[in-house]
Amino acid sequence: MGSQDSPSSASPSVRPAAGPSSVLGESLRTRFVSVPRPDALIAAAEAHRLTPMKAMALRAMRGVANHYDASAWLDAYRLVLLDTAGFDRLLPREPRRTLLDVVAGTGEVHAELARLFESSVATETSEGTARRAREKGIDCRTIDLGRVPWPDGARFDAVALLNVIDRADRPLTLLDRAAQLLAPGGHLVLATPLPIRAHVHRAGGTADPDEWLGVEGDDFESALSCLVEAVLAKRGWALVRWTRTPYVSSGDPRAARYELDDAILVLSRR
């Protein structure tokens, strides 16, 4: 399973629509929440743009090392989803005691979300990435929840899977594991680019995931409908709220930043 991915294969500037499309069904349209772009964080990510020398080193390292370890060793990317105010607008007010952020990357997005909770813990599958997160003061455990269960009986008010299921070996297992780890009344916070182009990074390239997520559709609206109605509902998840926002990565010599078109869903158990 992979870490939060850099959206470096996306177009340099992909701005989603301001509101929900009329193509979507009523249930999706009525649960949409408008959230402003985190422009200050995006500007900071652009300032972290890779130099030509660092971009060359990263390409060389990816030939022999895992994409995420190589990126972490070089401190290659800054990732932006929402700022704390945006997450605050999207998430229900209660409960907000404990957060588990699954595959949290080097922690930029986690830091914005975690401010809303009394305590938080993150996981990573890449030791290099987990080390970067710990350097920022994040309690980050190196564990692959797609393959092994959480080691104790803890339950969390929120479990986050932010830009993970499209890069995970076992995305369906992760969804089921999140259900097991939620406290009563808790929420899953799920973000993914749409349409989904599932793959898993290996040293030297990519591969197909072990589990097929089953999200079909060649555009944002059809993929979102399939994800909510055909995949999540069948696994016991009910949509509470959602928004559409760019998932931004700092750029390289070709572009100041890269963006993917993300849906962020807040879900509860049926």
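**Close-ups of a predicted model**

**View 1. An open sheet of eight strands.** The strands line up as β1-β9-β10-β6-β5-β2-β3-β4, with mixed pairing. Here two strands pair if DSSP finds at least two bridges between them, and strands (E, at least two residues) and helices (H or I, at least four) are DSSP runs, numbered from the N terminus. β1 (79–80) and β4 (140–142) sit at the edges with a single partner strand each, so one side of each has no neighbour in the sheet. This is a predicted model: local features need pLDDT of at least 70, and side-chain atom pairs count only at pLDDT 80 or more, while totals for chains, interfaces and linings use all residues. Residues are numbered from 1 along each chain as its sequence is written, and side-chain values use heavy atoms, leaving out hydrogens and water.

**View 2. The β9 and β10 pair.** These two strands run antiparallel and are joined by 14 bridges. Look for R241, which stands opposite V266 in β10.

**View 3. Helices across the sheet.** Helix α7 (residues 127–135) lies across β3 (119–124) and β4, at about 165° to β4. α8, for its part, lies across β2 (98–101), β5, β6, β9 and β10, and runs at about 155° to β6. Axes are lines fitted to C-alpha atoms, for helices over the stretch in contact, with angles from 0 to 180 degrees between N-to-C directions; contact means heavy atoms within 4.5 Å.

View 4. A nonpolar core is a set of buried Ala, Val, Leu, Ile, Met, Phe, Trp, Tyr and Cys residues joined through side-chain atoms within 4.5 Å; buried means under 20% relative accessible area, exposed over 50%, partly exposed in between (1.4 Å probe, protein chains only).

**View 5. Around V159.** Leaving aside residues up to four places away in sequence, V159 touches L100, V102, A178, L181, L182, H187, L188 and V189.

**View 6. R167 in its loop.** R167 is in the loop between β5 and α8, and is buried at 7% relative accessible area. Its side chain makes a polar contact (N or O atoms within 3.5 Å, one able to donate a hydrogen and the other to accept it; residues adjacent in sequence count only if both atoms are side-chain atoms) with the side chain of D166, at 2.9 Å. The R167 side chain also reaches the backbone oxygen of R197 at 3.0 Å.
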